[in-house]
Amino acid sequence: MKTLNDFNFKNKKALIRVDFNVPLDANFNVTDATRIQAAKPTIIKILEDGGSCILMSHLGRPKGVQDEFSLQHIVDKVEDIIGVETTFVSNCIGEEAEAAAAKLEPGKILILENLRFHEEESKGDVAFAEKLAKLGDIYVNDAFGTAHRAHASTTIIAQFFPENKCFGSLLEQEIKSIDKVMKTGEKPVLAVLGGAKVSSKITIIENILDKVDHLIIGGGMTFTFIKAQGGSVGDSICEDDKMDLALDILKQAKAKNVQIHLPVDVLAANAFSNDADTQVIDVTKIPDGWQGLDAGPKSKAMFHDVVMQCKTILWNGPLGVFEMETFANGTIELGNSIAEATKNGAFSLVGGGDSVAAVKQFGFEHKVSYVSTGGGAMLESLEGKTLPGIAAILE
């Protein structure tokens, strides 16, 4: 696995695929710069070597050239965060881009215009990738969030740098963190899977049963498992067509000696609302007209005990409807447990959109070992798929 440390970038132009797909407000100000911050170590290493950085990224899902999706809007923010003079060029290929790249001096940064202004980017067009490749000496992929897409700038381009390609430090960290859970983690290994639907997590569950010792299942997925075993789930979210699958997962887990932990009680509500009437109730005895929206006190205590005995922890998905304050407590307490286990020496990886949002919202970001930056890419890694953006560097 080639990383930044395998190269000296002195007088080299590094063509870096970053993920600067950041949220902007109505005045085009960056509202969350996490992804820019995440790319900083890679950029700084190259500049300190005496190289220069040509940054390419997409922003949003433009239909052709649309000013609201121009990367020009983020140039000042990048300059601010990296602390280095940054210029912008209004195309990512062609004469203008080539001229800007040619005159880029060591220690400086150039940002190319949005890759997705060209439909060839998403199509993985070889000729487009070759035009991008002309701009740099060494190709660095540091965009985990797009590593699961075989786009021109994330995958196809790598073939034009047979010897001169590597992972940036963010992507390297992502790969190592997932490997730590899936391959090299200290036992016992725990996966916490939450979220609404079993169907969206089937492949993950089936893939990780060989790797984990404990599996906590929470969130809306719970009720498909409970109903499949004969429990009453009232009006709780439930995938009736996945009940056989839920029973099969329980059977597979037993055969593989994996302990599955389902909630034993829930905080139920008589409406999907923060102001609904609530009651704590046995998870198998939810009456009609009521729905389980968070883990109950016995479940939270049980989950805490499981977390505390594990040395490697993967957390993907909340335990309740954390966006509503009334039903956020299960997710918060789980976060506290994982933070405590991490402090005691466990390795904890958080990934997948909702859990990352929860971790940031409740201030656990710096209390876990690693927070993944890629939603879809993280999930596909956990499903055991080889991501095209990663494979292209390894080839």
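Predicted model: local features only at pLDDT ≥ 70, side-chain atom pairs only at ≥ 80, totals over all residues.

Me: Which residue of β15 is the bridge partner of V189?
Reply: Strands of a sheet pair through backbone hydrogen bonds, either parallel or antiparallel. β7 and β15 (residues 312-316) run parallel and are joined by 5 bridges. Within β15, the partner of V189 is T312.

Me: Which are the edge strands of the open sheet of 6 strands?
Reply: The strand order is β3-β4-β2-β1-β5-β6, with parallel pairing. An edge strand pairs on one side only, which here applies to β3 (86-89) and β6 (165-167).

Me: What is the average twist from one strand to the next?
Reply: The 6 strands make an open sheet with parallel pairing. From one strand to the next, the twist averages 25 degrees.

Me: Which residue of β4 is the bridge partner of L55?
Reply: β2 (residues 52-56) and β4 (residues 109-112) run parallel, joined by 3 bridges. In β4, L55 has as its partner I111.

Me: At what angle to β2 does α1 run?
Reply: α1 lies across β1 (13-17), β2, β4 and β5 (138-141). Relative to β2, its angle is about 150 degrees.

**Pockets**

Me: Which element gives the largest share of the lining of the largest pocket?
Reply: The largest pocket has a volume of about 750 Å³. Its lining has 34 residues, with T34, R35, K360, S372 and T373 nearest the centre. Two or more lining residues come from each of α1 (34-49), α6 (169-184), α12 (353-361) and β17 (370-371). The largest share is 5 residues, and it comes from α1.

Me: How many charged residues are in the lining of the largest pocket?
Reply: R35 and K360 are among the lining residues nearest the centre of this pocket. By class, the lining has 14 nonpolar and 14 polar residues, and the charged count is 6.

Me: Which element supplies the largest share of the lining of the second largest pocket?
Reply: The second largest pocket has a volume of about 470 Å³. Of its 34 lining residues, G195, A196, G219, G220 and G320 are closest to the centre. At least two lining residues come from each of α8 (222-228), β14 (291-295), α12 and α13 (375-382). The largest share, 5 residues, is that of β14.

Me: How many residues in the lining of the second largest pocket are polar?
Reply: Glycine counts as polar in this classification, and G195, G219, G220 and G320 are among the residues closest to the centre of the pocket. The lining has 13 nonpolar and 4 charged residues, and the polar count is 17.

**Cavities**

Me: Which element gives the most to the lining of the largest cavity?
Reply: The count of cavities of 30 Å³ or more is 2, and the largest holds about 60 Å³ of space. It is lined by D19, R35, A38, A39, D142, A143, F144, G145, L170 and T373. By class these are 5 nonpolar, 2 polar and 3 charged. The top contributor, with 3 residues, is α1.

Me: Which element gives the largest share of the lining of the second largest cavity?
Reply: This cavity has a volume of about 50 Å³. K300, F303, H304, L319, G330, E333, L334 and S337 line it, and α10 (297-308) and α11 (329-343) each give two or more residues. The largest share, 4 residues, belongs to α11.

Notes
Residues numbered from 1 in each chain as written. Heavy atoms only, no water. 1 Å grid on protein atoms, 1.4 Å probe; cavity = no way out; pocket = protein on both sides within 12 Å on 5 of 7 lines; lining within 4 Å. Points joined across faces, edges and corners; volume = space filled by probe spheres on them. Pairing = 2+ DSSP bridges. Axes fitted to C-alpha atoms, helices over the stretch in contact; angles between N-to-C directions. Contact = heavy atoms within 4.5 Å.
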